[in-house]
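Have the sequence and the 3D view ready as you read.

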Amino acid sequence: MTSRGFTFNQPKLPRINNIDKVSLDEYFYINNKDILIPSFPPKTIQEIIRLVAAGKIDTISILEWLDVIENTTQWKQLNTDEVNDACRAIWTAASLNSLLADIAFFKVGLALDGKKSSIHKDLLSSMHIARKVVINYENKEKLDWLISLQSKDWKALALSCVQSFMTPLQRISVLKLPKANEYYQMLPEMLINAVNDPLDKKLDAWLDRCFYSFKTTQERLIFCEEAIKNYDDYGFELKKIIIEHCMPDVDDSFWYDLNESSKLTLKKKFNISNYYELKNISRLICSVDGVEALQLEEHEARQIHSRTMFWSNYSSRFNRIRCLLPQLTYNFIAKTTKKLSSQIEAFSEEKESNYEVYIFELEKIIVVEFLRGGLNETRFFKNNEWNAKRLFESEGLTVDAIREMSQLDVHDHVSSWQYFCEKLLRTKLKVVPDDNLPYFRGLPPSVNQYNSKTGLIKPDFSYLDERSRKLTPWVERFWQDEFKTAKYGNQSDLQKKSNVYLTKAYTARQLGNEEEYQLYLKKSAEQGNSEAMWRLGRSLLLGRGNSPKSRIDGETWIAKAAGKNHYEAVEAAKKYNITALKDDELSCIAKSDSKRIRKIEDLRKEAMSGNYDSMCIYGTRLSGRLASSDRKAGLHFLKNALGINKTKTIPFLWEVIEKAKKNKRFDTYLEALDILANIKDAEALIERGSFLSKQTSQISRHKGIDSLYQAAQQNNQKAFDQLWDIVTMSKFKNRIDDYELTLKLLIKLNDSAAKLMLSKHVKDAPLT
């Protein structure tokens with residue numbers, strides 16, 4: 001061939017896979033087969049029986065053997081004894097003729113697997129005769145396999161694979177038996193059962209080869225189910241298989257097809273989040289079959305998917321979950337799932353408002369997602385005992401009942417909701433996404449970058465504008481429905497008008513306008529809205545840098561909300577000794593507010609100037625406030641007062657300690673104890689030591705032990721007894737460092753028993 005003056009040869013493909021003309025005789029010669037020409041007419045079964053008995057097997061051609069094992073007409077002419085003789089003769093010949101053996105056993109394998117096979121049935125029922133007359137080791141292995149197959153002894157087949165360290169496919173191939181078979185699917189389960197726990201490296205590697213030899217998903221799934229159930233220690237290769245194929249966060253995972261027992265085992269072993277239970281429900285609801293069965297609108301399926309993706313970014317934070325479903329949805333999920341988790345339930349009663357609801361615990365809050373119907377909002381509840389029992393344990397829980405409960409906050413799902421919901425969780429509710437999360441799943445690449453300090457990328461103005469337009473009617477509808485619930489008490493016409501301002505406040509907050517939020521919130525509160533009063537009160541009372549006057553105003557607003565039976569305000573008033581104010585009391589309070597503020601301000605000034613009594617009174621009062629900065633300031637006043645008069649100040653500090661302990665404000669509790677411990681107050685040393693020595697942190701426990709030691713140095717028997725209690729408990733819990741430290745301190749206190757125990761402990765300790 002020529003191109004632009006260059007000459008080159010036409011390329012040729014190497015002739016590796018040629019088809020050559022070869023005669024039948026030449027073919028058999030290549031295979032070193034000396035073919036005996038069959039007689040004509042062919043030998044009958046009776047003739048073949050006589051030739052085998054005379055030891056003249058080599059006079060019978062392979063074609064005559066094939067005719068004998070397949071010719072039904074001849075077998076029908078035999079009586080029972082002749083049938084037995086024929087079977088014995090054929091199996092005897094097979095033991096000496098490898099080609100006949102290969103053909104006969106292959107046909108037997110087909111027949112036993114239910115496939116079409118021309119071998120006569122009498123030969124199948126005479127396998128026990130074959131086992132007695134066959135002397136070749138390879139043929140014995142084939143017979144053992146076929147006899148196990150005939151009796152459906154799958155365990156024996158699996159053991160044959162284990163003993164040879166072959167996969168089932170390799171074993172079948174080596175035995176020259178049919179590879180395409182039905183019984184192959186029975187082996188994945190038995191292979192696992194044939195190997196004992198724990199696995200050694202050789203068996204671990206063999207199981208790995210077995211898994212990848214299975215071609216169908218069902219075979220691999222069965223294999224994994226059995227492995228999860230049977231082994232405590234998976235071994236390196238098997239563990240790798242389970243991680244790559246059974247974890248819920250991998251593509252094409254078996255997770256959603258595993259039974260509940262296997263899922264529970266994997267959850268414990270790999271600390272898998274309960275989030276994936278909810279993800280599976282969403283996956284089924286949004287599937288083609290789910291959308292059709294539940295008659296979902298396209299936007300509903302899209303919304304459920306986007307919410308599920310949003311919460312996938314918090315999967316490691318999930319604790320308890322509960323899923324409440326309408327009966328129709330529950331029946332669909334149950335039909336498509338092997339076994340439903342006990343965390344998935346149907347509503348106990350059918351109501352029009354009962355749509356799919358996800359309830360899950362994220363550290364200090366409980367989240368409730370209403371997936372469809374009405375506002376399909378997300379509500380956030382404080383994770384306290386009452387809310388937890390109601391949401392996770394109540395049998396008759398309904399959507400309406402949940403909406404009657406007082407929440408910490410509510411969030412919408414209109415445009416760009418993910419940005420604002422993440423911000424709410426991170427800044428107000430103190431819930432952050434999974435650690436080291438560079439991108440937020442479920443968002444387009446242009447806005448999915450995530451920073452743990454600043455959150456998601458703020459949406460463009462066009463998206464914010466769209467959100468503003470859509471959010472206003474959503475918020476109006478939300479409060480319209482919300483004020484129909486009993487938790488806000490009875491509302492006057494003026495209070496109902498105040499809802500408009502509260503709506504505007506909520507909208508402003510969702511759009512990130514904090515100044516406008518506070519403005520409308522105050523207007524709503526002034527018009528008598530109990531929710532606005534509560535929110536404004538909390539904001540003034542707990543806001544950083546707020547003045548004492550603002551905090552007093554905050555207490556007043558909470559008192560007013562409590563007077564209107566606002567549930568959360570009532571609870572807060574009880575907890576912090578705030579007196580609820582009814583409407584008829586407000587006019588009197590308004591007159592006395594300025595006097596009370598002036599009185600407190602005078603008290604503060606006197607405390608600041610060093611007046612001892614004012615320091616004690618004002619310090620004690622501040623130490624009971626909600627804001628931690630106030631409590632710290634209060635303890636500072638009491639510490640200064642302690643320097644003036646120890647005897648008179650100590651009771652004030654103990655009052656603070658008891659209140660802080662009761663209200664579980666352990667920062668104030670420990671700080672007040674530290675003040676008393678620094679002056680060697682024995683009771684404070686014991687109280688602090690008892691508390692700290694029970695903590696999970698070793699540093700805290702050792703600090704507690706040292707505190708008890710300081711008290712024991714003052715010959716305090718109670719402290720001495722507690723140190724010995726720690727010795728006993730630390731030995732029981734195998735906390736060696738605690739055990740040794742406590743004994744050494746007791747030795748310093750001249751305790752001879754401690755010296756003997758430490759000496760024995762050191763002697764018995766293993767050498768390192």
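Predicted model: local features only at pLDDT ≥ 70, side-chain atom pairs only at ≥ 80, totals over all residues.

Residues are numbered from 1 along each chain as its sequence is written, and side-chain values use heavy atoms, leaving out hydrogens and water.

**Aromatic pairs**
- The structure holds 23 aromatic pairs (rings of Phe, Tyr and Trp, for Trp its six-membered ring, with centres within 6.5 Å; planes under 30 degrees apart are stacked, over 60 edge-to-face, the rest tilted).
- Tyr234 and Phe270 are stacked, with 6.4 Å from centre to centre and 10° between the planes.
- Tyr234 is in the loop between helix 14 (217-230) and helix 15 (236-246) and Phe270 is in helix 16 (residues 260-270), so their pair ties together parts 36 residues apart in sequence (helices are DSSP runs of H or I, at least four residues, numbered from the N terminus).
- Tyr234 is buried at 4% relative accessibility, while Phe270 is partly exposed at 24% (buried means under 20% relative accessible area, exposed over 50%, partly exposed in between, with a 1.4 Å probe and protein chains only).
- Phe666 and Tyr669 pair edge-to-face, at 6.1 Å centre to centre and 80° between the planes.
- These two, Phe666 and Tyr669, are three residues apart in helix 34 (residues 666-677), about one helical turn.

**Charges over rings**
- Arg403 lies over the face of Phe370, 4.4 Å from the ring centre (NZ of Lys or CZ of Arg must be within 6 Å of the ring centre and within 35 degrees of the ring normal).
- Lys560 lies over the face of Trp557, at 4.2 Å from the ring centre.
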